[in-house]
Amino acid sequence: MTRTRRWRRAAAVLAAAALAAGGCTGPDRTPGPVPPSGPVDSWVYQLQGYPGGRLTELARAPHRLAVIDLARDGRDDYFTADEVAALRASGKVVLAYFEIGAIETYRPEYAGLRADAGDLILNRWPDWPEEFFVRYWDQRWWDRVVRPRIDQAADAGFDGIYLDTPLAYEELDLALVPGRTREDLARAMVDLIVRIGDHARSRRPGTLVFPQNSPELREYDGYLPAIDGVGMEELFFRAADEPCDAGFCATNLDHAAALRAAGKTVLAVDYADRADNVRAACARYRQTGFAGYVTSRDLDRISAPCA
């Protein structure tokens, strides 16, 4: 299974909790998430390349949902509540991207973990040399990385969170975690996603939760109630312009369709530049009922929504 590099590089109504008119107010008294007034049929996914470090161009874009990083620089220059509020005011649902099963060396938490909790950091991801898988089930990972990121998203007023690297359960080196199996690692990942959803919604009722990839986790108890939708990369085109015709592509598509049938929003992103491939991906989104987006694998620009 492939995954694109971040910082180097639906037709379903969002299944949010019922909210009062104009949105709820969370325990921190910030306006709560407001579901869209109709189906989400377009989205934009940008994790770098914000002109001037600002979200102005994203606010002008016609897409109905936006996924952006917690930080404009991928490090510790976090987007402010005013900036997120302005993007929401453009009519978009706004989700905060962060990782839950791995950590990049440039993230602000990395140096401290390496210095005094180095055992949390496991094998390097061969495809992305600046990234390491982690013991995501460890309480220290929750206390030092995951919970603070959820809290940062809540404080900044995001509508929801977009959780990358659930696939860590498949990719980490079993030799570094004696006694663990892929099965119990998958269970631990689902437990983490459930915990994330519970904490996020305790901070801001109605917060939306979207894991990215690993749609097979739907088969584990607790996963479906914990999520509002799923992000899916490379269902139809792998980076870049390569038709996704491997066996796992069909399996991922089947799981994504099952999540859609269960009432979850599917945010699909494919990486293609050729106009015929863009049209083909958009046609598949219409057939499947997914909210789709076709763009560059660097996620550094705003691409047009499907016509």
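Which residues does Gln46 touch, not counting residues up to four places away in sequence? In this predicted model, the list is Leu58, Val67, Ile68, Asp69, Leu299, Asp300, Arg301 and Ile302. Gln46 belongs to strand β1, residues 43–46, and with a relative accessibility of 2% it counts as buried. Its side chain also has a polar atom 3.1 Å from the backbone oxygen of Gln48.

Now for helix α4, which covers residues 139–156. Its 18 residues, at 1.5 Å each, should span 26 Å, and the end C-alpha atoms sit 24 Å apart, so the two agree. There's still a bend of about 35° at Val146, with Pro148 following within four residues. Val146 is also one of the buried residues of α4, including Trp141, Trp142, Arg149 and Asp151. At the start of the helix, a side-chain oxygen of Asp138 comes within 2.8 Å of the backbone nitrogen of Arg140. Just past the other end, Gly157 has a positive phi of about 85°.

| Disulfide | S to S distance | S-S torsion |
|---|---|---|
| Cys244 and Cys249 | 1.9 Å | about -80° |
| Cys282 and Cys306 | 2.0 Å | -75° |

The Cys244 and Cys249 link is left-handed, and so is the link of Cys282 and Cys306. Cys282 lies in helix α9 (residues 275–288) and Cys306 in the segment after β13, so this pair ties together parts that are 24 residues apart in sequence. Burial is worth a look too: Cys244 and Cys249 are both buried. Cys282 counts as buried at 7% relative accessibility, whereas Cys306 is partly exposed at 27%.

Key. Residues numbered from 1 in each chain as written. Predicted model: local features only at pLDDT ≥ 70, side-chain atom pairs only at ≥ 80, totals over all residues. Heavy atoms only, no water. Helix = DSSP H or I, 4+ residues; strand = E, 2+ residues; numbered from the N terminus. Buried < 20%, exposed > 50% of the residue type's maximum accessible area, 1.4 Å probe, protein only. Polar contact = N/O pair within 3.5 Å; in protein donor to acceptor, adjacent residues only side chain to side chain. Contact = heavy atoms within 4.5 Å. Expected span 1.5 Å × (residues − 1). Bend = angle between axes of the 7 residues up to and from the residue. Disulfide = S-S within 2.5 Å.
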